[in-house]
There are 2 protein chains.
Amino acid sequence: MEYKVIAFDVMGSDNGLIPAVDAAIKLLGEQKDLKIIFVGNEEALKKELSSRKHNPDQVEIKNATEVIEMTDGIMDIRRKKDSSMVRALELVRDGKAHGITTGGATAPFIAGCHFIIKKMDGIERPGFMPVIPTNVKDKTTLLLDVGANLECDPEDLVNFAIMATAYSKAVKGIKNPTVALLNIGEEKSKGLELHKEAYKLLEANKEINFVGNLESRYLVNGQVDIIVTDGYSGNIALKALEGMGKTLLNEIKSAITKTLFRKLAALRLKKAFKEVAAKFDYKNHAGAILLGANSIAFKSHGSSDKTAFYATLKMTYNAIKNDVVNKVKKALVE
Amino acid sequence: MEYKVIAFDVMGSDNGLIPAVDAAIKLLGEQKDLKIIFVGNEEALKKELSSRKHNPDQVEIKNATEVIEMTDGIMDIRRKKDSSMVRALELVRDGKAHGITTGGATAPFIAGCHFIIKKMDGIERPGFMPVIPTNVKDKTTLLLDVGANLECDPEDLVNFAIMATAYSKAVKGIKNPTVALLNIGEEKSKGLELHKEAYKLLEANKEINFVGNLESRYLVNGQVDIIVTDGYSGNIALKALEGMGKTLLNEIKSAITKTLFRKLAALRLKKAFKEVAAKFDYKNHAGAILLGANSIAFKSHGSSDKTAFYATLKMTYNAIKNDVVNKVKKALVE
């Protein structure tokens, strides 16, 4: 069988390799054409894998003696040559895997992608693209860049739009994905020079279904398929959403369990709360692709648990299966 | 009696003058040393006021024949000389009122403040400062700038910190308010040049109780009293919070009322939901002061209802009562 192969860096995330292995075993059971190369401490991996039922043909282990820690910087990618992150990236570079998933540190990972798997032709700045949950049933929105780059020029934003459009078509099956520009107002004249110039370029580009500016208050309203922005603003917006969502859900939880009377009523609403939490839980949307890297490169939240790793591995699998890299490359030269 | 006088521009907001008048009458009943000069259509105002119980000594009407509309731009402040916004600003400029409250369009209001009531000495860019609700009981955080300026330099951010510190002491009675810099990470080296430079200046300034960078995911966690940022990022962050809060509360509302069974359980939790909603409802925090303007200038949400106008008028009253302008000016020269 021709496997879709993921190099899975299981080290360096906050919760250790057990949730990573659990998530991988789950997905391997579901996708028979998936192979995962677990990259990390061989001994620990052997122990964890031997205690979990799986098809051995779908599993490989690649030993790595070092770990990129959360506090490590960009240069540690050069220094820690036998780290699991570097080894996993090399598997992708050498064609032994079709994509990488990691829960490790963000900055070294982006640097590692640049150094080891390189960028696509014509792309100066790849963009980090998470999936934003929305209040529209079964609809999510792609937001990029959220911090791979702090400063972007208008051409970067146009490339983000082209790449995300190709991704949406390939992975999400959306025929003509709508693209908005994150801005502080709807009018064409709003924002910094970056946004005014990007607006003009996006509007003029026939490959992009540009629908105008979008304010951050509508980020989770499912109005568009793709939102492009510079990495600094995208990071601020994404974390504000996450923080508010988490805080509000916690506040509600504590308010409805404050008294026994409330607790009893809340029990009857358990399913209702679960529905809302599932929709807006960032664990279900923990993965972000580095779009513009010359292969499929997914980063999962540093604090990923089994649910989060599973979601990100599945995104990686889907991106491989739908040949995202070649489709994005093709869109860039059109 | 020596009145604290607010010039209240009642025209130009989305909901007309009735909620504005209702809010004013409520506050006038509570604060016997408050006088409100209602600025707008005299005939309509006379009609509304005559049907509401109030002390006539606390009320004046200033007729204005024009209205700054929501779609109006900066230059309409120059063009519409007899608009309620311009007339209200002139009352402040001429010393007939101690502060202004408006629910009118933001950009013309900021321009009007610049042209008519001017800026404080030493302030190049006044900052819009709303109050952010937090999950800590009775604690709110001040965030500025949220869009009075799109681009700021490091010195502006230091001035924001100094002014907001003086405001917090005067109005909120906080002895040594903590100040954070909004950024994409906690480390000193994070962010654009603006942030790195601002970090150094804030750290070196002995008048500011600077505690470092703060990520937007912690905006509503009540960790600090004041958060400074450039107007573009502040606007993106604030609207992301508002949008996520509103969307999530709506989602919960619809989930818990989907079936009769759920509705009945939800009735028993009505108070719990109200507690959370009241904390995070932006209506209760609808007002933002333009800090650095040479008088007290408050903008209420364009879609303000009675609750929102009441909250903003009360903030205006408190700022006047606590002599905010002089205290901020004093802090700036220290």
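In this predicted model, 50 residues of chain B touch 50 residues of chain A, contact meaning heavy atoms within 4.5 Å. Local features need pLDDT of at least 70 and side-chain atom pairs count only at pLDDT 80 or more, while totals for chains, interfaces and linings use all residues. Residues are numbered from 1 along each chain as its sequence is written, chains are lettered from A and ligands numbered from 1 in the order written, and side-chain values use heavy atoms, with hydrogens and water left out.

About 4700 Å² is buried between chain B and chain A, 72% of it from carbon and sulfur atoms; this is the accessible area (1.4 Å probe) lost on putting two parts together, summed over both. Ten salt bridges are counted between chain B and chain A, each a side-chain nitrogen of Lys or Arg within 4 Å of a carboxyl oxygen of Asp or Glu. A salt bridge joins the side chains of B:Arg217 and A:Glu242, at 3.1 Å from N to O.

As for helices (DSSP runs of H or I, at least four residues, numbered from the N terminus), helix 8 (residues 231–256) of chain A packs on helix 8 (residues 231–256) of chain B at about 35 degrees, with the axes 8 Å apart. Axes are lines fitted to C-alpha atoms over the stretch in contact, and angles run from 0 to 180 degrees between N-to-C directions. Residues in this contact include A:Ala240, A:Met244, B:Ala240 and B:Met244. By class, the helix 8 pair brings together 18 nonpolar, four polar and no charged residues, where Ala, Val, Leu, Ile, Met, Phe, Trp, Tyr, Cys and Pro count as nonpolar, Asp, Glu, Lys and Arg as charged, and the others, Gly among them, as polar.

Conventions:
Helix = DSSP H or I, 4+ residues; strand = E, 2+ residues; numbered from the N terminus.
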